[in-house]
Amino acid sequence: EGRADVLARFDDGSIALAEVSAGAGSVLVWASGLSNSWNDLPVQPVFLPTMHQLVRHLANYAPQRPWLTAGQVLDLSQHLSQLPNGLSPVELRAGSEETVELIMESPSGEREVRRVGSSASYVTLDEQGFYEVRNLAGRDEVVSAVAVNVDAAESDLTRLDAEELASAVTFRAGGQGTMNLAATLTPVEKERRQGLWWYLLVAVLLILVAETAIANRVSRSSTS
């Protein structure tokens, strides 16, 4: 005998809804009638949505997402209901030895045959675009399409904090000293450090001019 879990109580503290495990599923016990003779719940606006959620819970129903993210795993057994005379995921998992062969076509055009009902019914979605699930035994018709998007975090254009970026790219041992040094420098000192590059650029430019002049003189003397 399994232990019942109390999910809801009435105002007086008595049990209203309890759940107990039974085999591979569960049983919900509603400690009242479904009419309004014992309480007024059936005439409340929340009654119908509550019944819908209870049925979804008992059926272990999970709505199919309109799209997935690259890197996630797709369960091909969820697409069997769209096959003509195909097995449902519940029937397939109930011990049936029958399997269905599907073709998984990636956005780049690569195809792979998967036998749904075995350990190969799970596919990792590595590419961005539309994956097509095709029926191998049905003239290669498209059963369903799965949209795959890249992770939205990769396109986050939020401005990074300068200190967080500095701490991320520097070592722990020297990172704090670098941050403290940058924080203690005055604007004049920072400008002075940046001004050193101008002297280096001028020196490089003078060397290039001198090298060009020497090369021209050497070429003239050799030709004469």
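Predicted model: local features only at pLDDT ≥ 70, side-chain atom pairs only at ≥ 80, totals over all residues.
## The β1-β2-β3 sheet

Three strands make an open sheet. Their order is β1-β2-β3, and the pairing is antiparallel. The edges are β1 (5-9) and β3 (25-30). Each has a single partner strand, so one side of each lacks a neighbour in the sheet. Neighbouring strands are turned against each other by 20 degrees on average, direction ignored.

Strand β2 covers residues 15-22. Six bridges join β2 to β3, and the two run antiparallel.

## Helix α1

Helix α1 spans residues 47-59, 13 residues in total. From first C-alpha to last, α1 reaches 19 Å. That is close to the 18 Å expected at 1.5 Å a residue. Just after α1 comes N60, with a positive phi of about 55 degrees.

Where does α1 lie? The helix lies across β2 and β3. Its direction is at about 155 degrees to β3.

Strand β6 covers residues 100-105. Five of its six residues are buried, so β6 is largely enclosed by the rest of the structure.

Strand β7 (residues 111-116) pairs with β6 in the antiparallel sense, over six bridges. The bridge partner of E101 is R115 in β7. The two strands form a hairpin with five residues between them. In the turn, G109 has a positive phi of about 95 degrees.

β6 also pairs with β9, again in the antiparallel sense. Four bridges connect β6 and β9. Here I103 stands opposite R134 in β9.

## The nonpolar core

In soluble globular proteins, nonpolar side chains tend to be buried together. The largest nonpolar core in this model has 14 residues. Those with the most contacts inside it are L74, L76, M104, L125 and V146. Three strands each supply at least two residues of this core: β6, β9 (129-135) and β10 (142-149).

Which residues does L76 touch, leaving aside its neighbours within four places in sequence? L76 is in contact with L102, M104, R114, V116, S121, V123 and V133. One of these, M104, is also among the core residues with the most contacts.

Technical notes: Residues numbered from 1 in each chain as written. Heavy atoms only, no water. Core = buried A, V, L, I, M, F, W, Y, C linked by side-chain atoms within 4.5 Å. Buried < 20%, exposed > 50% of the residue type's maximum accessible area, 1.4 Å probe, protein only. Contact = heavy atoms within 4.5 Å. Expected span 1.5 Å × (residues − 1). Pairing = 2+ DSSP bridges. Axes fitted to C-alpha atoms, helices over the stretch in contact; angles between N-to-C directions.
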